[in-house]
Amino acid sequence: MNGLLALSRAIDFANERIGRLVYWCVLVMVLVSAANATSRYALNLASNAWLELQWYLFAGVFLLCSGYTLLHNEHIRIDVVSSQLSRRAQVWIDVFGIVFFLLPMSLFIMWLSWPVFMNAWTSGEISGSAGGLIRWPARLLVPLGFFLLSAQGFSELIKRIAYLRGLIPDPVEKHKDPGLDLVLDVEKAAVEQGRK
Amino acid sequence: MSAFLVANIAPIMFAGLVVFLLLGFPVSFALAALGLSFGLLGIQLGLLNEALFQALPERIFGIMSNDTLLAVPFFTFMGLILERSGMAEDLLDTIGQLFGPIRGGLAYAVVFVGALLAATTGVVAASVISMGLISLPIMLRYGYDRRLATGVIAASGTLAQIIPPSLVLIVLADQLGRSVGDMYAGAILPGLVLTGLYAAYVLGKTIVHPAAAPALPPEARPLRGWKLAGRVVFVLIPPLALIFLVLGTIFIGVATPTEGGAMGATGALVLALVNRRLTWSLLRQAMNSTAKLTTFVVFILVGATVFSLTFRGVNGDLWIEHLLTSLPGGKLGFLIVVNILTFLLAFFLDFFELAFIIVPLLAPVADKLGIDLIWFGVLLGVNMQTSFMHPPFGYALFYLRSVAPAREYVDKILRKPIQGVTTGQIYWGAVPFVVIQVIMVAIVIAFPGLVTGNLEQTKIDPSKVQIEIPQEPQEQQQEETAPPDFGAPK
């Protein structure tokens with residue numbers, strides 16, 4: 001179990017780093033898209049490569065942050081029923097869900113999308129639009145994203161089992177961002193700052 | 001056993017959906033796993049082609065390159081940054097003083113500022129939290145009825161859901177296969193009418209119970225006369241500029257909604273920078289929250305796509321269609337049932353789940369019945385807005401609870417102890433506004449012209465938008481619109 005917990009910590013560390021790196025794509029995406037709109041209107045210049053870069057970044061954000069979001073337990077749940085259950089029961093549901101839903105699903109999609117990437121890589125597939133980008137980086141994002149998600153799922157499974165065996169404290173608490181909701185803490189801090 | 005399965009696989013799959021979602025495991029993974037397992041079962045039973053899942057990578061690729069969904073992170077990021085820009089505080093402070101002298105003035109200010117903030121960002125949390133932090137203490141100080149105070153704040157905050165540029169409308173447009181611009185144009189009038197209804201409720205309340213919403217005493221309004229007028233004009237500049245930057249460019253046709261979102265986000269960054277409120281820590285938090293929100297939203301869509309691939313494969317869509325078209329009452333019967341269903345589902349699903357799971361099943365049926373999909377989308381949008389405010393799971397109520405004083409505190413100005421706000425007061429405060437919301441759904445059903453009239457007029461001449469609200473049958477609109485792609489991922 002100790003070896004597994006060490007592996008879990010390594011996965012958590014990796015996804016945390018990746019998440020923190022990848023979220024900068026949000027800012028880049030905003031600036032690229034605003035620049036595209038401005039240049040098209042003001043200078044009558046449009047570039048398919050820059051337009052495609054927008055959604056490459058978008059895809060990068062949601063695929064590469066999938067493990068990071070799972071680490072912070074922020075994939076939406078419907079907790080009407082489960083919030084009535086004991087913490088241990090909720091953790092058992094997670095164990096069940098990871099084993100029967102998350103891992104099979106993400107490994108399967110990874111397995112399905114890998115040949116698509118290989119195909120794009122070997123054939124040198126390029127976007128259909130003039131001056132568009134080469135496709136393999138976008139195709140690679142899918143198996144890569146689902147790999148990160150599977151890895152994080154595995155790490156969460158280890159932590160849940162360790163918790164059920166009394167080896168570690170509740171793993172969800174540790175990675176929870178402060179505040180009620182993901183947007184909440186930012187705004188609360190912002191408004192309080194603004195009032196000072 | 002397998003014969004029974006073959007005959008009833010779609011209903012069984014649907015029942016499985018309900019059970020698995022209620023388990024409380026993340027929605028996106030449960031959906032995807034359900035789609036995959038039933039797909040494999042269907043292949044085993046010979047119901048589905050073995051190549052079924054070969055289409056999956058291409059579907060996911062379609063989601064990645066979807067230009068409409070790109071607007072989701074833009075508007076989220078914009079809303080988060082805008083909070084720090086200090087715009088909401090300035091607005092509430094000034095508009096509060098403007099309306100202060102009249103009875104219920106602060107409540108009107110909250111409704112008005114709520115609508116204004118809604119037109120600049122698409123995020124509910126932002127408005128509710130700033131109004132809860134700024135207006136609620138003042139309302140409590142001067143003896144507002146607690147239910148009225150909390151209800152009006154929560155409800156006005158949810159206006160962000162229906163007044164463009166809202167995230168709900170973007171997602172609905174994507175799922176209904178309509179343009180976001182049309183969806184925005186259609187939602188403007190209903191959004192304004194709803195704002196008017198909120199204000200009318202405050203007016204009614206002040207007439208029946210004058211003590212529920214007293215006017216502010218003069219010492220609470222340091223600004224008077226020309227000074228106040230100048231201040232009002234000054235604080236209105238940033239929101240109006242942003243509204244022009246985002247909605248203006250979309251409606252004139254200069255920018256796509258996605259680009260409008262990016263322009264707005266850039267504008268918000270500039271505004272925060274000018275007001276010296278942009279810090280690295282804020283920027284990182286905003287990017288972090290935006291990345292996580294985008295991820296979970298798009299993942300629900302990925303899950304729903306996997307689910308619908310199989311569900312359509314086993315003709316589940318035909319099963320739903322059959323169920324819904326056999327309802328008595330034709331079009332109206334369908335609309336009433338769908339709205340009751342949405343209202344009930346909204347108690348425990350949030351709007352992303354409703355939009356990605358339920359809407360794709362309803363849209364083809366609505367279209368077949370000759371219902372204009374923009375109108376249908378706006379109707380669902382108004383309805384889903386309730387999911388933010390009905391107790392006990394409404395997000396707006398959570399946000400408000402988190403910023404409202406829970407315990408007794410001593411007011412700084414009056415130096416008197418003030419009771420905390422109980423959760424019960426917040427819940428009961430929301431009830432009248434949920435009722436207003438239901439009335440609004442009925443109004444939109446009764447007067448489709450509210451949505452479609454505006455739509456046609458903007459196409460012809462944008463300057464005539466608000467002149468008349470013709471109550472024309474929506475069939476007319478129908479003829480002009482192209483057949484939908486049923487919200488299938490492109």
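**Packing and contacts in a two-chain model**

Guide: Helices α2(A) and α3(A) are roughly antiparallel to each other, a label kept for angles over 145 degrees, with those under 35 called roughly parallel, 65 to 115 roughly perpendicular and the rest oblique. This is a predicted model, in which local features need pLDDT of at least 70 and side-chain atom pairs pLDDT 80 or more, whereas totals for chains, interfaces and linings use all residues. Residues are numbered from 1 along each chain as its sequence is written, chains are lettered from A and ligands numbered from 1 in the order in which they are written, and side-chain values use heavy atoms, without hydrogens or water.

Visitor: At what angle do α2 and α3 of chain A pack, and how far apart are their axes?

Guide: Two packed helices are described by the angle between their axes and by the distance between the axes. For α2 (residues 24-42) and α3 (residues 48-64) of chain A, the angle is about 160° and the axes are 9 Å apart. Axes are lines fitted to C-alpha atoms, for helices over the stretch in contact, and the angles run from 0 to 180 degrees between N-to-C directions; helices are DSSP runs (H or I, at least four residues), numbered from the N terminus.

Visitor: Which residues make that contact?

Guide: With contact meaning heavy atoms within 4.5 Å, the residues of α2(A) include A:Val28, A:Met29 and A:Val32, and those of α3(A) include A:Trp50, A:Leu53 and A:Leu57. By class, the residues of this contact divide into 11 nonpolar, three polar and no charged, where Ala, Val, Leu, Ile, Met, Phe, Trp, Tyr, Cys and Pro count as nonpolar, Asp, Glu, Lys and Arg as charged, and the others, Gly among them, as polar.

Visitor: How do α2 and α13 of chain B pack?

Guide: In chain B, α2 (residues 27-44) and α13 (residues 280-313) pack at an angle of about 20° with their axes 7 Å apart, and these two helices are therefore roughly parallel to each other. Among the residues that meet are B:Gly35 and B:Gly39 in α2(B) and B:Gly303 and B:Ala304 in α13(B), and by class the contact has 12 nonpolar, five polar and no charged residues.

Visitor: How should I read α15 and α16 of chain B?

Guide: The axes of α15 (residues 330-345) and α16 (residues 351-368) of chain B come within 12 Å and cross at roughly 175°, so the two helices are roughly antiparallel to each other. The residues that meet include B:Phe334 and B:Val338 in α15(B), with B:Ile358 and B:Leu362 among those in α16(B); the classes are eight nonpolar, one polar and no charged.

Visitor: How much area is buried between chain B and chain A?

Guide: The size of an interface is often given as the accessible area lost when the parts come together; here that loss (1.4 Å probe) is summed over both parts. About 7,000 Å² is buried between chain B and chain A, with carbon and sulfur atoms giving 77%, and 81 residues of chain B are in contact with 71 residues of chain A. B:Phe25, B:Met64 and B:Lys292 supply 11% of the area that chain B buries against chain A, more than any other three residues.

Visitor: How many salt bridges cross the interface of chain B and chain A?

Guide: A salt bridge is a side-chain nitrogen of Lys or Arg within 4 Å of a carboxyl oxygen of Asp or Glu, and three are found across this interface. One salt bridge joins B:Glu58 to A:Arg139, with the closest N and O atoms 3.3 Å apart. Within chain A, the side chains of A:Glu52 and A:Arg135 also meet in a salt bridge (3.4 Å, N to O).

Key: Buried area is the accessible area (1.4 Å probe) that two parts lose on being put together, summed over both.
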